[in-house]
Amino acid sequence: MILEDRDEPLVFVDEAERPGDAAAASWRILIVDDEPDVHEVTLLALRDVIIEGRSLSFLHARSAAEAETLLRQEDDIAVVLLDVVMETEDAGLRLVRFLRDELGNRATRIILRTGQPGYAPEIETIRLYDINDYKTKSELTRVRLYTSITVAIRSYWQIHQLEANRRGLEMIVNATMELSRPRGLRRFAEGVVTQLCALLGIGEEGLVCAAASVAGVSPYVLAAAGRYSAWIGQSLDSIPDDRVRQVLEDALGKRQHTFEKSTCLYFSTSGNHALAAFVDIDHPLSDVDRKLLEVFCSNIAVGFENVQLYQKVYDLAFEDLLVRLPNRNSFIGLIECRPASADRVALVDIDGFSDINSILDQAFGDQVLEAVAKRLRAAFPLSVAVARVGSDVFGLLGNADEVTPEHVAQVFAQPFSVNDQDLRLSATTGLISLVGNTERAVEIMKNTGVALKQAKSFRRGKAMFYEPAHAIEARDRMRLLNSLRQAFSADYLFLQYQPFIDLASGRVVGAEALLRWKTEEGQFVPPDRFIPLAEQSGLMVALGNWVMRSALQFLARLHSEGISDFRMAINVSHVQFREPDFVEKLEAAIASCQVAPSAVEIELTESVAIENFALIEQKLVALRRVGVAVAIDDFGTGYSSLSILRRLDVDRLKIDRAFVSGEQCVAEDSGIARMVLQLASQLGLQTIAEGIETEAQRQTLRELGCDEGQGYLFSRPLAADALLDFVKQGRA
């Protein structure tokens, strides 16, 4: 029982000292005792007591087991008034162990009360157990009970404040460590909220941290605590509390702290960003508090600078700074974390963009990209992600009903206004369905790129969906390219020579050097498979130079065998021919092999001859100066005009086998072959027909005036030694 000490009247806190928010919060006291009278007397003794500006509220437990249940559920109990002996002699002491060790609660203060001191000696109990006070029930007069409760509550609040400070500092440190994550700024702001509440001695409530751009971007609520938590993410204009909104606007507008009606702290950086933190405190701050807050703000501003620096790094890593869209890294992340509704990816490539950059300039090209990005973003809803994933390639991720070839085509249907000019553009698109697709984002991007390449191989402005066969073809090409590189270094590539025959005399007058590839397994790879691959991969220049030197070395061998009037024809790829030093390399190879330039003939396809007339004309002049002859191969399959052909300084036209081995050559009028031969005669050019397989074909071509022939009727392609024997036997 709690006895009343008549010599020590109970002293209550004066009403004038009670804070205005006393009703809003209270100190929670848990009474644990198996005697109902103790609960009633304790409530009577502490009725209407105000401690540190707050009233007291009470929880009750009639046993240690009941108290355990309450302590598991409630984590804001300030003081426990605990009986030692209840259902067992040490029930109270066991409850202390439970609270401290099992629950890990070090803040709640414990006042141990016992009516039987012998069961728990005071000195031993205080030494072994983390308790705040130990009293017999007979000692606890009203005044002493009030004193013990007050000391315990003050101790609890100090521990609580220290814990709040520790958690606030820990959150700020963690925010600094997490600056590499997109949540870094949010976590930083949450740390500011917690730390300020601890510094000002208030609960984690009544504070809003608002971020704003001084340049004019609307401020928004970045972090909030307590009853303001629902405002997180809202713009400052939409805050429903006029007083809070006005205080924040004043601080951001004036760029300074406000300590008048409410406290609002201002944090700025050297950039165009600021933070304003609102704290709902209705009592004035002391000079010491203000100085402390100013020092706090200075320290926080340094951390805020780091956050802004992180944001810039993040923008560089995940945003395209030119068009202000997500970049490739960000787009891959969006695909990886896509919602279920996003079931299609598209890659949109601007046709001819490299020409825009080279013909005009890069600045104009940047303006084109900005215009395309702006229209793409405007053309699709926000549910569709739009990104720039390459130099002139944009990515789309969204629903299949939105990301369609038709919608992409609509984007480019109207001309773009660039630098006061109307510019018509087209785009090629590769698309892939994500329905049932479990591949990683990188693989999805790769496969969409395969579809884009397939579309570009057909024509500008085309759109194609990815099919597994496309990837198989791409992998086959890659494997073939790797094998070709290995074959080149391991001497699995070699030359064969197919003779040229004078149709009138039957004499061997030359040969064409043909590149062949025989794999390690003994299988031949057709030239029409590996030559285009070598051209696309950049290997053709090295291959072409090797073919040129090898053919000229064999020509030198023929000359040393006494076969001097022999012409060696070498096929030259358009990739090799475009090289700026092609003529110089050819001239050096001729000089190195010590052969006559007049015995060398370069074969160019008709498409190479007409695709860049200025370049071909310039190089033909250089070749003519060296003394090398030039033949147009596969003539009749392209689209060269008579006017261009007249201006080309070439020596020979080579009639394609399609006009030799087909029905045209045996028809009465001999079709296209007759026209080609007549044209060559008018231009004064020599002629050679390839693909002659029968005697009838030879006779027809001879009668039409063709000079030379090449084909299986005379000889298949031969190895060097076999050709040497063939030439010697023919001339014998």
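Select residues 567-571 and 600-605: these are strands S23 and S24, paired in the parallel sense over four bridges. Two strands count as paired if DSSP finds at least two bridges between them. Pick Asn 571, then find Glu 603 in S24, its bridge partner. The elements come from DSSP: helices are H or I runs of at least four residues, strands are E runs of at least two, and both are numbered from the N terminus.

**Before going further**

This is a predicted model, in which local features need pLDDT of at least 70, side-chain atom pairs count only at pLDDT 80 or more, and totals for chains, interfaces and linings use all residues. Residues are numbered from 1 along each chain as its sequence is written, and side-chain values use heavy atoms, with hydrogens and water left out.

**The barrel**

Now widen the view around S23 and S24. Eight strands close into a barrel, in the order S21-S22-S23-S24-S25-S26-S27-S28, with mixed pairing. From one strand to the next, the twist averages 30°.

Next, select residues 671-683, which form helix H22. H22 lies across strands S25 (629-635), S26 (652-655) and S27 (686-690). It runs at about 175° to S26. Angles here run from 0 to 180 degrees between N-to-C directions, and axes are lines fitted to C-alpha atoms, for helices over the stretch in contact.

**H16 and H18**

Select residues 540-560 for helix H16 and 582-593 for helix H18. How far apart are their axes? They are 9 Å apart, and the helices pack at an angle of about 30°. That makes H16 roughly parallel to H18. The cut-offs are under 35 degrees for roughly parallel, over 145 for roughly antiparallel, 65 to 115 for roughly perpendicular, and oblique for the rest.

The crossing of H16 with H18 is right-handed.

Show the side chains. From H16, the contact includes Asn 545, Met 548 and Arg 549; from H18, it includes Lys 585, Leu 586 and Ala 589. Contact means heavy atoms within 4.5 Å. By class, this contact has seven nonpolar, three polar and two charged residues. Nonpolar covers Ala, Val, Leu, Ile, Met, Phe, Trp, Tyr, Cys and Pro; charged covers Asp, Glu, Lys and Arg; the others, Gly among them, are polar.

**H9 and H13**

Go to residues 328-336, helix H9, and 441-456, helix H13. Their axes are 8 Å apart and the packing angle is about 110°. That makes H9 roughly perpendicular to H13. Arg 328, Phe 331, Ile 332, Ile 335 and Glu 336 of H9 make the contact with Ala 441, Val 442, Ile 444 and Met 445 of H13. The classes are seven nonpolar, no polar and two charged. The crossing of H9 and H13 is right-handed.

**A loop stop**

Select Ile 202, in the loop between helix H6 (184-200) and strand S7 (207-213). Which residues does Ile 202 touch, not counting those up to four places away in sequence? They are Cys 197, Val 279 and Ile 281.

**The open sheet**

Six strands form an open sheet in the order S2-S3-S1-S4-S5-S6, and the pairing is mixed. The edge strands are S2 (50-51) and S6 (133-136), each pairing on one side only. Select residues 77-83 and 109-114: S4 and S5 run parallel, joined by five bridges. Val 80 has Ile 110 in S5 as its bridge partner.

Helix H1 (residues 36-45) packs on this sheet, touching S1, S3, S4 and S5. Helix H3 (residues 91-102) lies across S1, S4 and S5, at about 170° to S5.

**Last stop: confidence**

Color by pLDDT, the predictor's confidence in each residue, from 0 to 100. The chain averages 81, and 82% of the residues score at least 70. Over residues 1-24 the pLDDT is below 50. Residues 178-182 are also below 50. Where pLDDT is low, the predicted coordinates should not be read in detail.

Key
A crossing is left-handed if the near helix is turned anticlockwise from the far one by less than a right angle, and right-handed if clockwise.
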